[in-house]
Structure formats: structure tokens, C-alpha cells
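The sequence and coordinates come next.

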Protein chains: 2
Amino acid sequence: MEYRFARRMGGLPPSFLGELFRVSSQPGIISFAGGLPSSDQIDLEGLARAARKVLNEEGRTAFQYSTTDGYLPLREYIADRYRRRLGLLAEASEIQIVNGSQQCLDLVAKILLDPGDHLGMERPGYLGAIEAFSLYEPVIHTVPLTDEGPDLERFGALVKRHPVRFFYGIPNSQNPSGRTYTESSRKAIGEILDGTETLFYEDDAFGDLFFDGRPRLPVKRFLPEQGIMSGSFSKIVAPGMRIGWISAPPPVLEAFNTAKQAADLHSNFFCQLVLHRYLTATDLDSHIRAVSRVYGEQCRLMCELLDDLMPRGMTHTRPEGGMFLFCTLPQGISSMKVFTEGVREGVAVLPGVPFYVDGGGDDTIRLNFSNAGPEAIHEGITRLARVMKRQGYSSG
Amino acid sequence: MEYRFARRMGGLPPSFLGELFRVSSQPGIISFAGGLPSSDQIDLEGLARAARKVLNEEGRTAFQYSTTDGYLPLREYIADRYRRRLGLLAEASEIQIVNGSQQCLDLVAKILLDPGDHLGMERPGYLGAIEAFSLYEPVIHTVPLTDEGPDLERFGALVKRHPVRFFYGIPNSQNPSGRTYTESSRKAIGEILDGTETLFYEDDAFGDLFFDGRPRLPVKRFLPEQGIMSGSFSKIVAPGMRIGWISAPPPVLEAFNTAKQAADLHSNFFCQLVLHRYLTATDLDSHIRAVSRVYGEQCRLMCELLDDLMPRGMTHTRPEGGMFLFCTLPQGISSMKVFTEGVREGVAVLPGVPFYVDGGGDDTIRLNFSNAGPEAIHEGITRLARVMKRQGYSSG
């Protein structure tokens with residue numbers, strides 16, 4: 001039997017990632033290809049205590065249906081943290097719980113995009129967003145991401161030329177590049193978008209993970225009525241519970257809530273309770289400082305090794321936080337070659353190609369530094385240097 | 001600021017349900033309006049034991065990212081149960097875990113429907129499905145649901161006249177009507193659809209809850225290559241964990257998996273583990289028999305009271321399972337009137353209107369019998385009789 005699918009299913013970028021991750025997870029391979037937070041940094045004891053507390057105290061309601069917007073005390077916790085850390089005037093009523101911030105990508109696109117609508121993204125841009133957005137058949141425009149943020153001239157020209165429904169960006173420790181927008185870029189984006197119909201969709205999955213512990217002002221501070229912001233507990237507590245949130249102006253949140261209800265009624269209620277008990281019994285800020293310190297050390301080590309061992313003409317970003325850094329390869333060698341030769345040598349990198357929705361990027365690779373300890377980073381980058389050498393590129 | 005939304009957001013049926021459920025949950029009101037399984041039937045002890053086991057044995061991987069398709073042992077359990085109970089030739093590879101079967105409604109529509117595509121549903125049809133499907137802007141055709149199943153003549157004419165992408169139905173104890181298709185209806189549907197391009201999407205949320213404990217053959221048995229089937233642990237274990245599944249032919253499941261990954265990466269992994277430990281440590285069949293016995297008694301009591309106390313000209317379905325029954329009111333009184341007068345009298349019913357996507361149904365109400373014990377049912381139906389009497393309808 002032949003099955004006919006919706007047109008949107010044909011617009012998806014080819015997914016070679018499944019195969020690639022399968023290869024990367026073979027025994028003996030040190031993988032920098034994935035995107036996992038460090039399992040060692042998950043506070044199992046704390047989560048287990050919180051779960052036992054919920055089981056003892058909440059009774060059967062913990063396992064019953066609940067409301068679409070999410071557990072109110074958890075939303076209050078998030079709003080309070082927004083006020084305290086970022087100076088956002090958020091109330092619990094402006095927060096909606098979702099299944100990890102990936103679900104925001106799907107539902108924001110669902111409520112805002114008709115086929116053929118224009119949207120903007122960074123170049124390179126987050127793959128999960130490209131996949132989620134593509135299913136709504138938009139015209140995706142990209143703006144090159146520099147060390148300061150999106151190229152402002154190109155950004156301004158884009159929103160002038162097209163009625164861009166929203167621009168999606170990750171201002172803090174972007175995936176895949178590891179870059180962070182400067183404060184003046186954030187302000188400029190606010191000024192450019194003010195008075196237009198373009199929303200700024202700010203994915204803040206990594207904003208807590210700055211190595212220096214200092215929060216950066218969100219773009220939403222400069223553009224409150226046009227700012228959509230998503231966050232996640234995946235990187236600061238645990239990804240397996242799939243709990244994130246979105247904050248948006250009331251009319252946008254109302255439409256989002258309608259779409260969320262149609263999508264899956266509500267997020268896992270038991271885990272919302274566990275997470276809330278965990279958060280209120282833990283010093284989250286100190287936990288996050290500890291995680292950020294480890295990631296910072298691993299990032300610095302990786303940067304040093306890349307500086308020492310990689311060939312001349314190979315460059316990399318210098319992240320201030322997050323989980324990834326991004327390398328540009330010397331001229332003449334493709335990222336797929338580095339991937340396949342790397343696997344032979346026992347190290348896996350992620351070719352940057354799928355992050356370039358409009359083509360290009362074959363001279364880039366993404367390296368994850370959160371999920372490999374210092375020893376693995378040392379050995380893995382040494383192996384990568386051997387790969388480069390064997391391809392005729394000696395260290396600079 | 002004016003926000004512009006995607007066209008699909010305008011196609012949603014007006015939602016008066018939020019307000020209605022708010023009213024229904026006021027103190028002192030006996031509500032038959034909702035759709036909750038009985039909290040008393042949630043095996044809190046068993047779930048707590050399973051959760052403690054996972055916390056003690058699984059370590060941090062229970063809280064880490066996992067695969068999109070879901071926890072393999074859980075999928076094996078589901079496939080094995082399909083083989084054992086329903087004679088379906090299912091393998092774990094044909095099962096995908098989702099956030100409750102509501103998510104299947106969203107994602108099946110997403111992979112199959114372009115705007116303007118034709119789909120079929122029962123009349124009355126499940127509201128959650130109407131809401132999920134409507135967002136993909138299909139042309140929805142309805143086929144009247146009789147006590148035997150969908151009107152077969154109308155069903156045959158529909159798939160002949162239009163290239164229907166899929167027909168969505170709930171053959172077992174349908175929501176809202178409580179009706180169950182006869183076996184000959186199921187077979188006839190298989191014969192009508194065989195050789196066409198129309199898929200049959202069989203929502204089996206209630207198939208375990210037959211009061212006589214006897215499973216009914218799914219339509220998929222008669223139409224293996226065109227059958228999509230969804231199931232849920234919400235009604236037989238606990239809804240708050242939001243875990244259900246879908247089973248579909250491999251090419252359909254592959255597209256579904258792509259859409260699931262873009263939607264939220266994967267379902268809550270911790271709860272998948274808890275649920276699996278629970279299922280393997282429990283005699284699920286005996287638990288389900290106990291739940292079904294309670295629901296059966298409550299349904300019979302409600303039917304008897306309706307027979308005794310309601311006015312002539314008011315009829316109701318006689319469910320063989322599930323959680324709902326459906327009443328047709330005497331001529332001349334609207335369901336909204338019964339709702340508002342009912343609330344005044346301290347009893348809430350659900351007007352049937354939103355289940356009629358193409359209009360009508362104002363002479364119908366849905367009553368839930370799973371979430372109210374015998375005493376509440378007795379008192380609630382007595383109050384409803386007073387409402388009818390006050391409107392000039394005396395009991396038959």
C-alpha cells in the first residue's frame with residue numbers, strides 16, 4: 001500500500017542525524033556530537049527526595065488529569081525567578097508549562113505561521129527549531145550570526161523587506177555556535193523591531209549556564225510587548241522529565257494555550273509536582289553555579305587543546321556559557337570527511353551542515369563540551385588532531 | 001499592540017468549555033460534566049512502589065534525554081498485550097510512545113492533512129479530536145453514529161464521494177455517546193475501506209473498560225495495512241503521567257516519529273520507567289477488572305435512575321463500557337437551559353453541542369459516570385429530575 005502524506009512532510013531537511021548519532025554512540029568512541037547535559041550534574045538524591053515527598057503528601061491527585069497551563073506554584077516559581085534574575089515583570093499568569101522548550105518551537109510556529117509566511121533565524125541556526133518550523137511551511141530567512149549577535153544591518157534589512165512574523169534567536173550561548181549577543185545588540189534589536197509587527201522569539205535554554213554566573217538582559221526587556229521567551233529545566237535540573245515553559249504577551253499566550261490543549265491537554269503533572277518540590281527544597285542558584293563551573297572548566301580545556309593541537313586556519317568560537325562550541329575548518333576539508341575519519345580514529349564531531357537551512361556550512365563542526373569529562377576531552381581532541389594531521393593539516 | 005495569528009487559529013470551534021468546567025467545579029455541585037477517571041481507582045501504592053524502584057535502581061539515566069520512539073521495554077509490553085488480547089500482530093517497532101493519546105490526534109493530523117483535505121468522523125464526535133484536527137484546516141465530514149456503529153450507507157457514500165484521508169472513530173464505548181460498534185460493523189468498515197486510500201484511525205482509549213471484561217476485535221484486525229490505532233494508560237492506570245501510544249503501519253509510524261521529534265523530542269522518560277515498573281509488578285488485568293466492575297455498577301445505577309426519574313421523551317444510550325452515557329432531551333428544551341438550571345440545582349451536565357462539528361446536538365447532554373460514586377449519582381440524577389420537572393417535564 002502507498003501512503004500519501006501532507007505536503008509539509010516533504011519540506012523537512014533530510015535527516016542524516018539519526019544515522020550519525022547511531023555511529024557516534026558505538027563503544028570506544030568519544031562523542032562530542034550529541035547535546036546532552038552532563039549526567040553527573042543531575043541531582044539524583046534531591047530529585048528522589050522530591051519524588052518521595054510528592055508520593056507521600058499529594059496522594060492520587062498527583063496522577064490525575066490537571067490544567068493545561070500547568071501547576072500554578074511551579075509557574076509562580078518561574079515568574080518569581082524571572083523578576084529576581086532578569087528584571088522581567090512576569091506574573092504566573094504569563095507562564096505556560098510545556099514538554100521541554102522544544103514544544104514551544106512547535107506551538108509558536110503553529111499559532112503564528114501560515115504556509116508561505118516569513119520568519120527569520122540566525123545563521124547557523126538551531127536544528128530543532130529548523131525541524132519544528134519547517135513543518136509549517138514558512139519562508140525561512142537567515143541572518144549571519146557574528147560574535148556580537150545577528151548582523152544588524154542584514155537584520156534590519158530583512159524586517160524592512162518582508163513582513164517577518166517572528167525572528168527566532170538564542171541570545172545566550174547559542175546552539176550550535178556558542179555565541180552570546182552583546183547587550184548593545186539586544187538593545188539594537190529592540191529598537192529595530194519596535195513599532196513593527198515582528199515578534200522576537202527568544203529561546204533561553206542556556207541563559208542560566210554562563211560560566212561567570214552573571215545573567216544577561218533578555219531582548220524581551222527592550223521589547224516587552226513583542227517578546228516571546230522560552231526556558232527549560234532540561235539543562236539546569238534534568239531533561240528526562242521534559243518540562244520547560246513559555247512566557248509571552250497575554251493574547252499570544254492565550255492562543256498558545258489553545259494549541260497546547262489540542263496538542264496533548266497538559267504536561268506530565270506528576271513530574272511538575274516533583275520538580276516544584278525539588279526547586280523549593282534546593283538552592284537552585286548554587287546548584288547552577290556548580291554545573292556552570294564544571295562546564296566552564298571543560299570548555300576552557302577544550303579551547304586550549306584546540307588552540308594547541310589544531311592546524312593553522314582552523315578557528316573556533318570562545319563561549320561564555322552553554323554546552324557547545326563551533327569550529328571552522330581549514331580550507332579544503334569537509335566536515336563529513338572529518339566526521340567519518342573521526343569515527344575511524346574514535347572521536348565523533350557533529351558536521352555543521354544541518355544548521356544551515358539555506359545551504360553551506362560544510363566547513364563547520366559543532367563540539368559539545370558538557371557531556372565529556374576532562375580526560376575524555378583531552379583524549380578526544382588529541383584524536384581529532386590526528387585526524388587533521390592525517391588529512392595533511394599539521395598543527396599551527 | 002495587535003497580534004496576527006495563523007489562519008488555522010480562526011477555524012477553531014468556539015470554546016465555551018473552559019467557562020463551563022469552571023462553573024461545574026463550584027463547591028456543592030455534583031458534576032457529571034467532566035471526563036475524569038475515578039481517582040479512587042488509581043493504584044497510588046503500586047505507582048509509589050514503582051517510582052521508588054526506578055529511583056533506587058535506574059540512577060541518573062532516568063532523568064536524562066532518551067529516544068523519540070520511547071522506552072523499549074514499555075513498547076514491548078504494549079505490543080505483547082496487543083498480541084495476547086486482540087490478536088494483533090504487533091511488534092515493539094510498530095509502537096511509539098506519546099503524551100497521552102491526545103497527542104496522536106495532533107500528530108496524525110499533522111502528517112496526513114493538508115488544508116482542504118477531507119476527513120471523516122462520527123456524529124457526535126470526540127471534542128478533543130475536533131479541536132486537534134481543526135487546526136490543520138480539513139474539511140470534516142460526519143457520519144451519524146447509531147447503536148451498531150457509523151451508519152454504513154452514509155459511511156460508504158462518503159468515502160466514495162471524497163478522497164477521505166482518514167476516518168476517525170472510537171469503536172469501543174465512544175466519547176461522547178458511550179456506543180460500541182458491533183463486530184459486523186467493524187467487518188463491514190474493513191470491507192468498505194479495503195482497496196481505497198482511506199485510513200481508519202481507531203482511538204481505543206476505552207477498549208479495556210468493558211463491563212463484561214470481554215475484548216472486542218479492533219477494526220484494524222480487518223484492515224491491517226490501513227489501520228492506525230491509539231491507546232492510553234490514562235484510563236487504566238493514571239492520566240497525570242500523560243503516557244499513551246500509537247500503533248501504525250511502518251511508513252506512517254516513521255512519519256509520525258519525525259513529527260513527534262519535532263514536537264517535543266520524546267515523552268517524559270522518568271514516567272515511562274515508572275509506568276513500566278508498575279505494569280510488570282502488577283496484575284494489570286485484575287486491576288482493570290476491578291475498575292470496570294466499579295464503572296459498570298455506576299453506569300447501571302445511572303441508567304436505572306434515568307429510567308425511573310426522567311420525563312417521557314428523554315432517552316439515553318446504554319453503554320457496555322467506558323465512562324460516558326449520552327441523553328437525548330425531550331422536545332422543546334435546550335441543553336444549555338438544562339446546564340444553567342442544573343447548576344442552580346447543584347448538578348452539572350455537559351451540553352452535547354460541541355460534539356457536533358457541523359451543528360445541531362442542542363437536544364443532547366453527556367453524563368460522566370466514572371468520577372462520581374453511587375451516592376453522588378443518586379443525588380445528582382435526583383437533582384436533574386427536579387430541573388426537568390421545574391421546566392414542565394414530569395417523569396414518565
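## Fold of chain A

Helices (H or I, at least four residues) and strands (E, at least two) are DSSP runs, numbered from the N terminus. The model is predicted. In chain A, 12 helices and 13 strands make up the secondary structure. Chain A has a radius of gyration of 21 Å, close to the 21 Å that the globule rule gives for 396 residues, so chain A is as compact as a globular protein of that length.

Along the principal axes, the C-alpha atoms of chain A occupy a box of roughly 60 × 55 × 55 Å. Of the 396 residues in chain A, 56% are buried. When contacts in chain A between residues at least 6 apart in sequence are considered, 74% link residues at least 24 apart.

Chain A comprises domain 1 (7-42 + 286-390) and domain 2 (64-281). The centres of these two domains of chain A, taken over C-alpha atoms, are 25 Å apart. Domain 1 of chain A brings 31 residues to the contact, and domain 2 of chain A brings 33 residues.

On the side of domain 1 of chain A that touches domain 2 of chain A, at least two residues each come from helix 10 (284-309), strand 10 (324-328) and strand 13 (364-368) of chain A. Helix 10 of chain A gives the most to this side, with seven residues. By type, the residues of this side of domain 1 of chain A are 17 nonpolar, nine polar and five charged.

## Relation of the two chains

Terms used:
Residues numbered from 1 in each chain as written. Chains lettered and ligands numbered in written order. Predicted model: local features only at pLDDT ≥ 70, side-chain atom pairs only at ≥ 80, totals over all residues. Domains from an automatic or database assignment. Contact = placed C-beta atoms within 7 Å. Nonpolar A, V, L, I, M, F, W, Y, C, P; charged D, E, K, R; others polar. Rg over C-alpha atoms; globule rule 2.2 N^0.38 Å. Buried ≥ 20, exposed ≤ 12 C-beta atoms within 10 Å, placed from the backbone.
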